[in-house]
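Subject: Structure handover and notes

Hello,

Here is the structure I promised to pass on. Please open it alongside this email.

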Amino acid sequence: MNEVKRPRKPLLYYYFVVLICLMLFNMIAMPWIAEQQIETVDYNTFISMTEKKDIGQVSINTQENVIIFTDKDESAVYKTAMVDDPDLTKRLYDAGASFSGEEIKQMSPFLSIILTWILPIVIFIVIGQVMSKKLMDRAGGGKGSMMFNMGRSNAKIYVKSSDGIKFDDVAGEDEAKENLAEIVEYLHDPGKYKEIGASMPKGILLVGPPGTGKTMLAKAVAGEADVPFFSMSGSEFVEMFVGMGASKVRDLFNQAKEKAPCIVFIDEIDAIGKKRDGQIGGNDEREQTLNQLLTEMDGFEENNGVIILAATNRPESLDPALTRPGRFDRRIPVELPDLKGREEILKVHAKKVKMADNVDYNKIARMASGASGAELANIINEAALRAVRDNRRYVTQEDLEESIEVVIAGYQKKNAILTDKERKIVAYHEIGHALVAAKQTNSAPVQKITIVPRTSGALGYTMQVEEGNRYLMSKEEMEDKIATYTGGRAAEEVVFGSITTGASNDIEQATKLARAMITRYGMSEDFDMVAMEVQTNQYLGGDSSLACSAQTQKIIDEKVVELVKKQHEKATRILLENREKLDELAQYLYQKETITGEEFMKILNA
Ligand code: ADP
Ligand code: ZN
């Protein structure tokens with residue numbers, strides 16, 4: 001899109017700075033420039049020039065003990081040190097020199113004006129432009145930006161342009177698009193709504209995890225409606241100086257009202273819209289900014305054509321004042337894409353790169369379960385990079401599968417040297433997970449097992465593939481999943497009789513799941529359907545806080561341990577029952593480093 005910055009009005013302050021600089025220039029730089037034009041000669045030359053009558057103006061400076069003089073046609077200026085010469089006056093008189101008391105003009109008047117006035121002005125304007133541009137580029141700006149733009153918002157205006165993002169570029173997210181289509185309709189023809197008396201919500205909140213396309217959707221609304229798009233990040237409003245954020249808000253809205261109908265997009269609105277907790281010494285600046293935003297939203301009348309879209313991934317932290325009717329009262333969830341959505345996103349991004357004909361997008365989408373739109377875009381790009389590295393003309397299925405691992409687990413760590421014993425342990429550990437998963441019919445089948453170390457620190461991993469979309473999970477499935485997590489450690493115990501640090505991530509995952517079963521999903525007999533925990537950060541990893549008495553906490557802890565222990569025992573039992581397969585598979589993995597789900601099942605069922 002064409003990004004056009006509005007010209008900033010120069011300030012009085014700015015002129016003042018230029019003036020000061022100009023004076024300094026004249027005092028310091030000009031004499032220096034003049035000095036450069038004077039040729040220093042010895043006294044002999046001076047005498048011989050006077051004798052030849054080749055001399056024009058002369059100025060005697062007794063203080064500095066120098067004589068400055070020109071030749072006959074005043075084209076060159078010379079300087080010489082003065083010696084004690086009683087005949088000086090006579091000599092000059094004979095030579096016909098003119099003794100003007102004033103300084104000798106060394107330059108033509110025209111050049112002198114250029115050098116004294118115009119050049120410095122040009123220089124300082126250029127410096128000013130460069131500096132203020134640099135400061136503007138620094139997001140948010142700091143102390144410096146105040147000097148040049150005095151709180152004027154850095155909002156960019158995206159003038160309507162044909163290469164703008166359209167709804168078609170945002171794959172999946174059909175519900176969100178449907179919701180936003182109404183806004184597009186409204187922006188096309190606000191009058192239609194005004195006639196009936198219907199009013200559009202002023203503010204719409206896009207909520208969802210990072211990288212799901214919230215920014216894209218906002219841009220797409222502007223693109224579809226063919227209206228200007230102002231965007232600003234919440235954190236940009238929070239300035240170093242109290243009051244700057246508020247003035248930026250004011251400015252942004254002034255600009256928007258001028259350009260209506262238009263879209264104003266505020267990213268990370270939680271940065272300014274956090275609940276005001278009334279703490280002493282709270283963030284004054286943020287509160288002022290928020291207040292200004294609320295005032296602006298209340299201030300503009302219905303149907304004026306300015307629609308504010310805001311994005312956040314922590315909606316629960318927003319101040320209720322912000323979400324009340326008349327402000328951001330409409331909320332559009334932008335969730336992680338489901339299987340179909342992932343496939344579509346992959347296809348949208350695949351259009352930009354050369355793909356082999358036989359790429360199975362569905363399989364890639366299944367492998368990348370839980371990935372966001374941004375991660376999927378990244379997977380396609382990684383695959384393209386891999387193809388280039390291998391000197392291939394197009395991206396293959398293999399590139400894509402490898403790049404999923406890169407995005408999920410990091411690059412292969414080529415130089416990590418594991419001892420033979422360690423490799424063996426890792427192989428058994430991974431086969432342990434896979435075997436326990438495969439033997440419990442409810443677990444998703446294994447896609448791939450590898451013991452190539454990754455930069456993320458994983459020494460190996462078992463990749464599972466979901467067969468379709470799952471919206472519900474039964475208690476048994478959750479238990480099986482915990483058993484699968486414990487399968488790695490169980491294999492180490494069964495085979496080596498000792499345990500390693502390799503299971504820390506498994507332990508974390510198993511605990512999280514077991515805890516959720518008890519405190520949130522009501523899956524233990526003791527607590528029935530009582531929530532012991534509330535989730536606070538749904539879109540960012542899902543922190544939760546306990547909401548129960550200390551005694552209950554103690555019981556919960558015991559229940560969690562009991563649950564995990566039971567599944568761990570189950571996993572150990574499964575492995576003991578299949579000890580031969582475990583050895584055979586681990587041996588195979590140890591030799592091959594990477595095996596596919598098919599190879600795994602073939603050996604298991606042989
Ligand atoms: P958010 O604002 O939700 O954090 P963005 O809109 O900035 O996410 O998305 C980041 C990038 O991820 C986009 O530039 C795009 O390449 C990709 N992306 C995310 N979601 C989608 C989607 N639904 N369809 C296509 N690309 C997507
Ligand atoms: Zn493990």
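Below is what was found, site by site.

One caution before the details: this is a predicted model.

**Zinc site**

Start with the zinc ion (ligand 2). His 429 and His 433 each coordinate the zinc ion through NE2. Asp 506 supplies two OD donors. The distances run from 2.0 to 2.8 Å. The donor residues follow the spacing H-x3-H-x72-D in sequence. His 433 sits in helix α18 (residues 420-439) and Asp 506 in helix α20 (residues 504-519), so this pair ties together parts that lie 73 residues apart in sequence. His 433 and Asp 506 are both buried.

What is the geometry of the zinc site? It is irregular, with angles of 51 to 147 degrees among the 4 donor atoms. Why does it not count as tetrahedral? Because four donors need all angles between 85 and 135 degrees for that label. For reference, the ideal angle for four tetrahedral donors is 109.5 degrees.

**Helix α19**

Helix α19 covers residues 475-496, which is 22 residues. From first C-alpha to last, α19 reaches 32 Å. That is close to the 32 Å expected at 1.5 Å a residue. Even so, look along the axis. A kink of about 45 degrees is centred on Gly 487. Another glycine, Gly 497, follows α19. The phi of Gly 497 is positive, near 70 degrees.

**Strands β2, β4 and β5**

Strand β5 (residues 77-81) pairs with both β2 and β4. With β2 (residues 38-40), the pairing is parallel, over 3 bridges. Thr 40 stands opposite Lys 79 of β5 there. With β4 (residues 66-70), the strands run antiparallel, joined by 5 bridges. Here Val 66 stands opposite Ala 81 of β5.

β4 and β5 make a hairpin, with 6 residues between them. Check Glu 74 in the turn: its phi is positive, about 55 degrees.

**Strand β8**

Phe 229 belongs to strand β8 (residues 229-233). Is Phe 229 buried or exposed? Phe 229 counts as buried, at 1% relative accessibility. Ala 218 is 11 residues away along the chain, with 8.6 Å between the two C-alpha atoms.

**Salt bridges**

How many salt bridges does the whole structure hold? The search finds 23.

Take Arg 386 and Asp 399. Their side chains meet at 2.6 Å, N to O.

Next, Lys 347 and Glu 343. Their salt bridge is 3.3 Å, N to O. Both residues lie in helix α14 (residues 339-350). They are 4 residues apart, about one turn of the helix. Lys 347 is partly exposed, with a relative accessible area of 39%, whereas Glu 343 is buried, at 17%.

Then Arg 579 and Asp 583. The closest N and O atoms are 3.4 Å apart. These residues lie 4 apart in helix α22 (residues 579-592), about one helical turn. Arg 579 is partly exposed at 31% relative accessibility, and Asp 583 is partly exposed at 26%.

One more residue in helix α17 is Ser 403. Ser 403 counts as buried, at 1% relative accessibility. How far apart in space are Ser 403 and Ile 379? Their C-alpha atoms are 5.5 Å apart, although 24 residues separate them in sequence.

**Where to look**

Then go to the kink at Gly 487.

Best wishes

How values were computed:
Residues are numbered from 1 along each chain as its sequence is written. Chains are lettered from A and ligands numbered from 1 in the order in which they are written. This is a predicted model: local features need pLDDT of at least 70, side-chain atom pairs count only at pLDDT 80 or more; totals for chains, interfaces and linings use all residues. Side-chain values use heavy atoms; hydrogens and water are left out. Donors are N, O and S atoms within 2.8 Å of the metal (3.2 Å for Na, K and Ca); water is not among the atoms, so sites may look incomplete. Four donors count as tetrahedral if all angles lie between 85 and 135 degrees; four count as square planar and six as octahedral if opposite donors are over 155 degrees apart and all others between 65 and 115; anything else is irregular. Helices (H or I, at least four residues) and strands (E, at least two) are DSSP runs, numbered from the N terminus. Buried means under 20% relative accessible area, exposed over 50%, partly exposed in between (1.4 Å probe, protein chains only). The expected span of a helix is 1.5 Å times one less than its number of residues. The bend at a residue is the angle between axes fitted to the seven residues ending there and the seven starting there. Two strands pair if DSSP finds at least two bridges between them. A salt bridge is a side-chain nitrogen of Lys or Arg within 4 Å of a carboxyl oxygen of Asp or Glu.
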